[in-house]
Amino acid sequence: MALAIMCSGGDAAGMNPAIKKFVDYAHKLNQETYFIYDGLEGLIDNRIKKASHKDVAGIMHIGGTILRSSRSKRFFEYENRERAFKNLQTCGIDGLVVLGGDGSFRAMDIFSKEFNINFVGIPTTIDNDINGTEYCLGADTALNVIREALDKIRDTASSFNRAFVVEVMGRNCGYLAIVSSIISGAEVCVVPEVSFKKDALAKRLREEVQNGRRYILAIISEGTKSTYEIGTWIQDEIGLETRISILGHIQRGGNPTVHDRMMAFEFTIGAIDHLLESKNANKVIVYNKGEFQLIDIEEVVSQTYQVPAKLLNAINYLD
Ligand code: F6P
């Protein structure tokens, strides 16, 4: 069989280990491998090349993706999807692995049904917000980048009497903010999923400051769009001089952690095994309760990911 791999949407650490495993494992099973560069844009424009071991030498430890990625608006037009299909046909590709997030899977759902593509998606996004899976490739590395930044911010915060308001990524999902708050011992965590109880929070923080608290670390999820507002609020209501840090795209970089490398291997092996067994898979490989499983892409895209109640409860300390 001829198998192809591509990355779509936001890049994430773990993509390169998955790409390496894809080539190494497929060749071990005597399958041909192709790379599709620049995501769905490259699929439309036929940026497809045969891949071999030498293309993946020395990439295991590198963040981002050697295949590059894109967010393609053009792919939502039928004639571009038709071009993409013809490109796959011309190369004789009969199995496709896509590393991507929610938006990419929506596009692939349409595409694979329209043209009967044998496709398996690997959930890959730092946001960890794909329905149907507990874990998305790249989240662990991003959390470690955030942890390192927060540890450093705490160093300077504890050297002054100040509040630090730190915005983390996650699009509309508070997963990164909640986990970061737990592991950094932040005093405040504001996410889209939980209403911000200003009065209760102000009361608690004022009491803590009266009892000797000298600084505050507040983690705000970008989806709340309230970072600056909360910064001003803390300064005015609590009376602590406030500084704001937007961590931004550094959260998408960094060497993949051990966990992301191991997950990349497992996801990729599962995806290839399934493509080889199937003629028209339309699946995403997911990870839940320690097990990998293939589920219909429809199941993945039909609902929005919900942050587990256990995590939400961890920041519901004001109730
Ligand atoms: O989906 C990953 C992510 O990093 C989100 O957390 C963020 O909202 C978005 O991508 C940023 O996208 P871009 O790199 O296109 O600005």
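**Around the ligand**

A: Happy to. The shell around the ligand takes at least three residues from each of two domains, domain 1 (2-138 + 256-303) and domain 2 (139-252). Keep in mind that this is a predicted model.

Q: Okay, which residues surround the ligand?

A: Arg-71, Thr-125, Ile-126, Asp-127, Met-169, Gly-170, Arg-171, Glu-222, His-249 and Arg-252.

Q: And how do the residues of that shell divide into nonpolar, polar and charged?

A: Five are charged, three are polar and two are nonpolar.

Q: Which side chains have a polar atom by an oxygen atom of the ligand?

A: Glu-222 is one, with a polar side-chain atom 2.5 Å from a ligand oxygen. Asp-127 is another: an N or O atom of its side chain is 2.6 Å from an oxygen atom of the ligand.

Q: What about the backbone of Gly-170?

A: A polar backbone atom of Gly-170 is 3.2 Å from an oxygen atom of the ligand.

Q: How much of the ligand's accessible area does the protein cover?

A: On its own the ligand has 400 Å² of accessible area, and the protein covers 74% of that.

Q: Which pocket is the ligand's space?

A: That space is the largest pocket.

Q: Switching to the domains: how far apart are the centres of domain 1 and domain 2?

A: Taken over C-alpha atoms, the two centres are separated by 34 Å.

Q: And how many residues are in contact between them?

A: On the domain 1 side there are 17 residues, in contact with 13 residues of domain 2.

Definitions and conventions
Residues are numbered from 1 along each chain as its sequence is written. This is a predicted model: local features need pLDDT of at least 70, side-chain atom pairs count only at pLDDT 80 or more; totals for chains, interfaces and linings use all residues. Side-chain values use heavy atoms; hydrogens and water are left out. A residue is near a molecule or strand if one of its heavy atoms lies within 4 Å of it. A polar contact is a pair of N or O atoms within 3.5 Å; within protein, one must be able to donate a hydrogen and the other to accept it, and residues adjacent in sequence count only if both atoms are side-chain atoms. Accessible areas come from the Shrake-Rupley method with a 1.4 Å probe; for residues, only the protein chains shown count as cover. On a 1 Å grid over the protein atoms alone, a cavity is a set of points where a 1.4 Å probe fits but cannot get out, and a pocket is an open set with protein on both sides within 12 Å along at least five of seven lines; lining residues have an atom within 4 Å of a point. A molecule sits in a cavity or pocket if more than half of its atoms lie within 2 Å of its grid points. Ala, Val, Leu, Ile, Met, Phe, Trp, Tyr, Cys and Pro count as nonpolar, Asp, Glu, Lys and Arg as charged, and the others, Gly among them, as polar. Domain bounds come from an automatic or database domain assignment. Contact means heavy atoms within 4.5 Å.
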